Amino acid sequence: RVIAIPWSNQSEAVVQSLTTQDEISIFMNNNDIVVYQVEEILQISRENVRILSDTEPSLVVILFREDDQDRWTIIAKPKPVE
């Protein structure tokens with residue numbers, strides 16, 4: 001899953017404050033909730049598409065900013081069900 005979020009000062013501050021201890025919950029339209037564990041927070045070039053070709057289930061959140069070459073990106077993996 002890939003999600004792009006429009007850039008704002010607030011969204012950038014939230015992304016920068018995340019750690020690998022944080023979780024991201026995705027609420028699906030069928031009322032399922034999928035929980036992901038943050039693995040990486042990085043800035044990547046907008047031309048870098050390697051993050052879009054993972055061979056394992058994952059979540060990529062891209063902070064989209066039209067006027068910037070680098071974008072904040074969060075990579076997360078599904079959290080095991082306990």
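Which residue forms a salt bridge with Glu23? Lys79 does, with the closest N and O atoms 2.1 Å apart. We'll come back to that pair after a walk through the rest of the fold.

First, some ground rules. This is a predicted model, where local features need pLDDT of at least 70, side-chain atom pairs count only at pLDDT 80 or more, and totals for chains, interfaces and linings use all residues. Residues are numbered from 1 along each chain as its sequence is written, and side-chain values use heavy atoms, with hydrogens and water left out.

Start with the parts list: the protein chain has one helix and five strands. Here helices (H or I, at least four residues) and strands (E, at least two) are DSSP runs, numbered from the N terminus. Read from that end, the elements go β-α-β-β-β-β. The radius of gyration of the protein chain is 13 Å, close to the 12 Å that the globule rule gives for 82 residues, so the chain is as compact as a globular protein of that length. (That radius is taken over C-alpha atoms, and the rule is 2.2 Å times the number of residues to the power 0.38.)

Now look at the sheet. Its five strands make an open sheet with mixed pairing, in the order β1-β4-β5-β3-β2; two strands pair if DSSP finds at least two bridges between them. β1 (2-6) and β2 (23-27) stand at the edges with a single partner strand each, so one side of each has no neighbour in the sheet. On average, neighbouring strands are turned by 35 degrees against each other, direction ignored. Such angles run from 0 to 180 degrees between N-to-C directions, and the axes are lines fitted to C-alpha atoms, for helices over the stretch in contact.

β1 and β4 (residues 59-64) run parallel, joined by five bridges. Among these, Val2 has Val60 as its bridge partner, and Ala4 has Ile62. With β5, β4 pairs in the antiparallel sense over four bridges, and Val61 finds its partner in Ile74 of β5. A hairpin of five residues joins β4 to β5. Five of the six residues of β4 are buried, so this strand is largely enclosed by the rest of the structure. Buried means under 20% relative accessible area, exposed over 50%, and partly exposed in between (1.4 Å probe, protein chains only).

Asn31 sits between β2 and β3, and its phi is near 75 degrees, a positive value in a residue other than glycine. Asn31 is exposed, at 70% relative accessible area.

Back to the charged pairs. Side chains of opposite charge can pair when their charged atoms come close. A salt bridge here is a side-chain nitrogen of Lys or Arg within 4 Å of a carboxyl oxygen of Asp or Glu, and the count comes to three. Lys79, in the segment after β5, and Glu23, in strand β2, are 56 residues apart. Glu56 and Lys77 form another, with closest N and O atoms 3.8 Å apart. Glu56 lies in the loop between β3 and β4 and Lys77 in β5, so this pair ties together parts 21 residues apart in sequence. Lys77 counts as buried, at 15% relative accessibility. Arg65 and Asp67 also meet in a salt bridge, at 2.9 Å from N to O; Arg65 is partly exposed at 25%, while Asp67 is exposed at 62%.
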